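Try each task yourself before you read its solution.

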Amino acid sequence: MAGMAELVFYSDEYCEEELFNIVFQENAAMSTRKGTYCTVFGLDMHRFCARNREEKDLWLRAVSNIKVKLMFRAPDPTAGELAIFRAAVHERLEALFSPRREVPGPSPEECGAVAVFGCLPLLDEEPRRPPAGPS
């Protein structure tokens with residue numbers, strides 16, 4: 001797809017079940033909303049909600065980087081380059097969602113004694129085995 005990029009959404013991190021995809025070009029409209037804790041952003045007619053502001057910023061940066069590559073007609077990335085990009089994003093996500101991370105924002109007392117959980121999951125993580133590879 002020369003001059004186009006495809007953003008593919010999967011059901012989980014194993015990328016076995018594709019949910020939908022969005023094809024966009026260099027002139028795709030990116031949008032965000034103002035607000036202290038607003039995590040809504042958009043790509044053309046699609047709207048998304050990130051788990052926190054930092055994740056929203058990561059999404060906007062990633063899409064912006066892709067748009068720049070499209071504008072300057074950069075060649076398609078190699079498998080090695082894609083692996084580097086994905087590793088960098090994964091590293092950033094690990095830093096964002098580390099349980100040891102300080103959560104910015106008001107204290108529980110400032111919220112009327114309501115606990116502030118930040119980006120910790122509401123449910124315990126259920127361990128899953130990776131899919132079986134080819135034999």
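**Exercise 1. Find which residues Phe48 is in contact with, leaving aside its neighbours within four places in sequence.**

Solution. Start with the cut-off: contact means heavy atoms within 4.5 Å. Once neighbours within four places are set aside, Phe48 is in contact with Phe9, Phe20, Ile22, Thr39, Val40, Phe41 and Leu43.

Before going on, a word on the ground rules. This is a predicted model, in which local features need pLDDT of at least 70 and side-chain atom pairs count only at pLDDT 80 or more, while totals for chains, interfaces and linings use all residues. Residues are numbered from 1 along each chain as its sequence is written, and side-chain values use heavy atoms, with hydrogens and water left out.

**Exercise 2. Work out how many residues the largest nonpolar core has, and which elements give two or more residues to it.**

Solution. First, the terms: a nonpolar core is a set of buried Ala, Val, Leu, Ile, Met, Phe, Trp, Tyr and Cys residues joined through side-chain atoms within 4.5 Å. Buried means under 20% relative accessible area, exposed over 50%, and partly exposed in between (1.4 Å probe, protein chains only).

Next, the count: the largest core has 13 residues, and Phe48 is one of those with the most contacts inside it, along with Leu7, Phe9, Ile22, Phe24, Phe41 and Leu43. Two or more residues of this core come from each of β1 (4-10), β2 (18-25), β4 (40-43) and α1 (53-71). Helices (H or I, at least four residues) and strands (E, at least two) are DSSP runs, numbered from the N terminus.

**Exercise 3. Locate the two salt bridges and say whether each partner is buried, partly exposed or exposed.**

Solution. The rule asks for a side-chain nitrogen of Lys or Arg within 4 Å of a carboxyl oxygen of Asp or Glu. By this rule there are two salt bridges.

- Glu26 and Arg73 meet at 2.8 Å, N to O. They link distant parts of the chain, 47 residues apart: Glu26 sits in the loop between β2 and β3 (30-32), and Arg73 in the loop between α1 and α2 (79-96). Glu26 is partly exposed at 31% relative accessibility, while Arg73 is exposed at 62%.
- Arg51 and Glu55 meet at 2.7 Å, N to O. Arg51 is exposed because its relative accessibility is 58%, whereas Glu55, at 7%, counts as buried.

**Exercise 4. Find what share of the chain's residues count as buried, and what share of its accessible surface belongs to carbon and sulfur atoms.**

Solution. Of the 135 residues, 19% count as buried. Accessible areas come from the Shrake-Rupley method with a 1.4 Å probe; for residues, only the protein chains shown count as cover. The accessible surface of the chain comes to about 10600 Å², of which 57% belongs to carbon and sulfur atoms.
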